[in-house]
Amino acid sequence: MAEEAAEESGGGGGDGGSVLKKYGPLAAIVMLAQAVIAFLIIEFVLKENMPEEPQDPLIPQMTSETTRQSGETPNDRLPYLYTSDELKTITANPAGTNSERFVVISVQLGLEASNTEESPPDDDITDALGENLEVLDKIKLYDLKIKSLIMRIIRGKTVDELDAQFQDELEDEIRQVVSKEIFDRLFKTGDGTENTTAVRVVEVNISDIIIQ
């Protein structure tokens, strides 16, 4: 009887060892997989809740110290506004109206001036342009020519093209034409010329516009 009990006891242990040997690796794999999944979930949640670190810009912003060292200073002054009696009332017939409608505008030219004998920023003489009678008288001689150019532009526009929504485009077109036809020639510098004062039109302001 004792031998039978011993045999039964031994047999039971053998079966338990077989089960552990058979399913032990599978259980380990399952536990490892669960651990990996838990790690990925924790990593994902933590990453989503972590604030993003500010990234350095690819191009560093120019500081005020860098600006001073490069000799470039921000241009915060306004241009000199030039006007005359000829430019206060410019009348023209828009295109496509068979001369039955007309438009009346007042124009100011925003000017900047520089002395080509000086280096930036000392070359900027815009602030003194209002007292420079030589330059102003030189421009005044061409008031009628400037008026004629503006009238030609207006006559090429339809009434719809003179609407307020197109005013910026109209002002820029006038600026380009007046610059090319008058100021680029009148204040030409270099190439053996004795003129050292450069004046350019940087903006055009239509202060009044009446369409009838």
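The structure is a predicted model, in which local features need pLDDT of at least 70, side-chain atom pairs count only at pLDDT 80 or more, and totals for chains, interfaces and linings use all residues. Residues are numbered from 1 along each chain as its sequence is written, and side-chain values use heavy atoms, with hydrogens and water left out.

**Confidence**

- The average pLDDT (the predictor's confidence in each residue, from 0 to 100) is 80 for the chain, and 67% of the residues score at least 70.

**Cis peptide bond**

- P120 and P121 are joined by a cis peptide bond, with omega about 0°.
- P121 sits in the loop between β3 (103–115) and α4 (133–140); helices (H or I, at least four residues) and strands (E, at least two) are DSSP runs, numbered from the N terminus.

**Positive phi outside glycine**

- S99 is not a glycine, yet its phi is positive, at about 60°.
- The loop between β2 (90–92) and β3 holds S99, and the residue counts as exposed at 58% relative accessibility; buried means under 20% relative accessible area, exposed over 50%, and partly exposed in between (1.4 Å probe, protein chains only).
- D191, also a residue other than glycine, has a positive phi near 55°.
- D191 belongs to the loop between α6 (167–186) and β4 (197–211) and is exposed, with a relative accessible area of 71%.
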